[in-house]
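This report describes how two protein chains meet and how one of them is folded. Please keep the sequence and the structure in view while reading.

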Amino acid sequence: MFGNLSAKLRRSVVRTLAASRRGHLAPALSLIEILGVLYDDVLRVDPDNPLWPDRDRCILSKGHGCLALYAVLEEKGFITKDDLDGFCRHGSMLGGHPELHKVPGVEATTGSLGHGLPLGLGYALAARLDGRPSRVFVIMGDGECNEGSVWEAALSASKHRADNLVVIVDYNKQQSYGSTSEVVELEPFADKWRAFGFSVAEVPGHDHDALRTVFSSLPLESGKPTALICHTIKGKGIDFVEANLSWHHKSSLTDQDLERLRLAVENE
Amino acid sequence: MRKTCLNMVYRLAQTDARIVFIGSDLGSGTLDEFRRELPERFFMEGISEQCVVGMAAGMALDGKIPYVNTIATFLTRRAFEQIAVDVCMQGARVRLIGNGGGLVYAPLGPTHIASEDISLMRTLPGMAVVCPADAEEMTDFMLQSVEWDGPIYIRLAKGYDPVVTRRELGFSIGKGIVYREGADVLFVTTGVTLGPVLESADRLSGMGISSSVLHLPTVKPFDQELFLDLAAQTRAVVPVEENSLLGGLGSACAEVLAEANYSTPKRFKRIALPDAFPDRYGSQADLLAYYGLEPGNIVRVAQRLLEI
């Protein structure tokens, strides 16, 4: 059943991309299962009351993956198909990166990298001050972990024993210029998070059962923030996009490109 | 001014549970009473300004009112993008206290001298920029700061400045305060340069030159209406500020004056820090004098301007 949801979300992503001929495709596809499981099973949110104070907060720190987020928000009823059709158009609420106060269900304006974790920590500490049960999920890219602000916030989150904070890294091992190992090696990645005081799990990021299992056992350790390193494939689900750097952000999409994408997702 | 500002955060926090204090790595003993009495709302985070600003924004977006205090340059330069994106773009009600704005850290050199903090903060959409002149004005401002619907940059320009403001003239965020009215020259000032400007106006008066003095503790929003009212009555306009020539109070005055399109243009001269990194050490007072932000030079500039 979940496989159907993934296929549906991928179709939605490709349709939105095709309508505007804009957007980052591959960084969205690596997030489909993570976001799908989160919004299906994990997050305590209410599309009819998006500002419900006790809700969980989900911040897409890698804002360029927003095609996947928008597909999920539409699927769950936060936004409409018409909204998706307006993607990146003049007068639309959906831009190439998510914006707070514009899009229901979006908890932070993101786009410049390295901002989500400090913001999420602030949300987590505010929830604690108010005695609210809210949990905060921050979804980051692997390349994003080059930013120093990520590690500043990691130090701080651990100091505050923020066990209502969950970092999810979409570890697809590619960034704009090339592989993460060539640009700036992150390994030993799990050890780094552990050394910063996080409780860490490594998860196959397209395996919905594995994701569901780890999400159901949060926090992994009381008194510690959690880091979930999700091993993913950039462009997952469309064979000629998978791990293909040229699809990180394709700026000029031909009719032929769009037809191939449509065929790939419609026939699933 | 600094002590008053921080004590006010503590006082306000005692009666308002939304208020939190966040520092980076401040001097030992800072706000000890706050820490003892309200430990859950006292955060000392270490030297991590990007994280501190983002964290404050997250708290503010969830209903808290964080007052963030750290050295002005490290806030405004180092965390500029966090201030733009996390705070201003999302309309987070964060209050950034820029400790040692202007020339306060003159002995420590240009890395610590906040010669352009007003300019940087003024470029950000939605950011209020407030530069109180002394401790009494700081008190009035802080009382109003809680309910201001948007982010605020608070410039702490000096620690032990004399009180020169007159509270009976009132204080309101976004409004200018008129200290003198005259026909020849309009001085516009913000922060601690109010004192030297008032003295300059007195000296000029003795020479038969009458001045208006407009104190703008709020550089942004800029009180355009009051500024133009006073400018209309005078021949010359002289903004004076402890900040770069570029982008601060003087720029705001120039922009508004140019767009007023007077049929007879106003004579105009900015007195501010040059477009260069400060190259001298010494005290704040030494650098204020070096850059001509003292009555002797202010008087000479006004005289020369009127003689043109």
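A residue is called buried when its relative accessible area is under 20%, exposed when that value is over 50%, and partly exposed in between. The model discussed here is predicted.

## Overall form of chain A

Chain A contains 11 helices and 5 strands. Its radius of gyration is 17 Å, close to the 18 Å that the globule rule gives for 268 residues, so chain A is as compact as a globular protein of that length. Along the principal axes, the C-alpha atoms of chain A fill a box of roughly 50 × 45 × 35 Å.

Of the 268 residues of chain A, 57% count as buried. Among the contacts in chain A with a separation of 6 or more, 74% are between residues 24 or more positions apart.

## A covered helix

Helix α3(A) is mostly covered, with 9 of its 11 residues buried. The buried residues of α3(A) include I32(A), I34(A), L35(A), V37(A) and L38(A). E33(A), a residue with a charged side chain, is also among the buried residues of this helix.

E33(A) has a partner in a salt bridge: R10(A), with the closest N and O atoms 3.5 Å apart. The pair links distant parts of the chain, since R10(A) belongs to helix α1 (residues 2-20) and E33(A) to helix α3 (residues 32-42), 23 residues apart. R10(A) counts as buried because its relative accessibility is 7%. E33(A) is likewise buried, because its relative accessible area is 5%.

Side chains of opposite charge can pair when their charged atoms come close.

D255(A) is exposed, because its relative accessible area is 56%, while R21(A) is partly exposed at 35%. Over all chains, the count comes to 34 salt bridges.

## The interface between the chains

The size of an interface is often given as the accessible area lost when the parts come together. Chain B and chain A bury about 2000 Å² between them, and 56% of this area is on carbon and sulfur atoms. In chain B, the residues that lose the most area to chain A are C51(B), D62(B) and Q90(B), together 29% of what that side buries. The contact takes 24 residues from chain B and 23 residues from chain A.

Across the interface there are 15 residue pairs in polar contact. On the side of chain B that touches chain A, β2 (42-44), α3 (49-61) and α5 (80-88) each supply at least two residues. The largest share, 9 residues, comes from α3(B). The residues of that side divide into 10 nonpolar, 6 polar and 8 charged.

## Salt bridges across the interface

Between chain B and chain A the count is 4 salt bridges. In one of them, the side chains of D62(B) and R57(A) meet at 2.6 Å, N to O. Both residues belong to a network of salt bridges that links R57(A), D130(A), R132(A), D62(B) and K64(B).

K159(A) forms a salt bridge with E45(B), and the closest N and O atoms are 3.4 Å apart. K159(A) lies in helix α7 (residues 148-159) of chain A and E45(B) in the loop between β2 and α3 of chain B, so the pair joins two chains. K159(A) counts as partly exposed because its relative accessibility is 45%, whereas E45(B) is buried at 9%.

## A buried histidine at the interface

Where in chain A does H115(A) lie? H115(A) is found in the loop between α5 (81-85) and α6 (116-130). The residue is buried, because its relative accessible area is 1%.

Leaving aside neighbours within four places in sequence, H115(A) is in contact with S61(A), E144(A), E81(B), Q82(B), V85(B) and D86(B). The C-alpha atoms of H115(A) and S61(A) are separated by 6.5 Å, although the two residues are 54 residues apart along the chain. With E81(B), H115(A) makes a polar contact of 2.6 Å between side chains.

Notes
Residues numbered from 1 in each chain as written. Chains lettered and ligands numbered in written order. Predicted model: local features only at pLDDT ≥ 70, side-chain atom pairs only at ≥ 80, totals over all residues. Heavy atoms only, no water. Contact = heavy atoms within 4.5 Å. Buried area = accessible area lost by both parts, 1.4 Å probe. Polar contact = N/O pair within 3.5 Å; in protein donor to acceptor, adjacent residues only side chain to side chain. Helix = DSSP H or I, 4+ residues; strand = E, 2+ residues; numbered from the N terminus. Buried < 20%, exposed > 50% of the residue type's maximum accessible area, 1.4 Å probe, protein only. Rg over C-alpha atoms; globule rule 2.2 N^0.38 Å.
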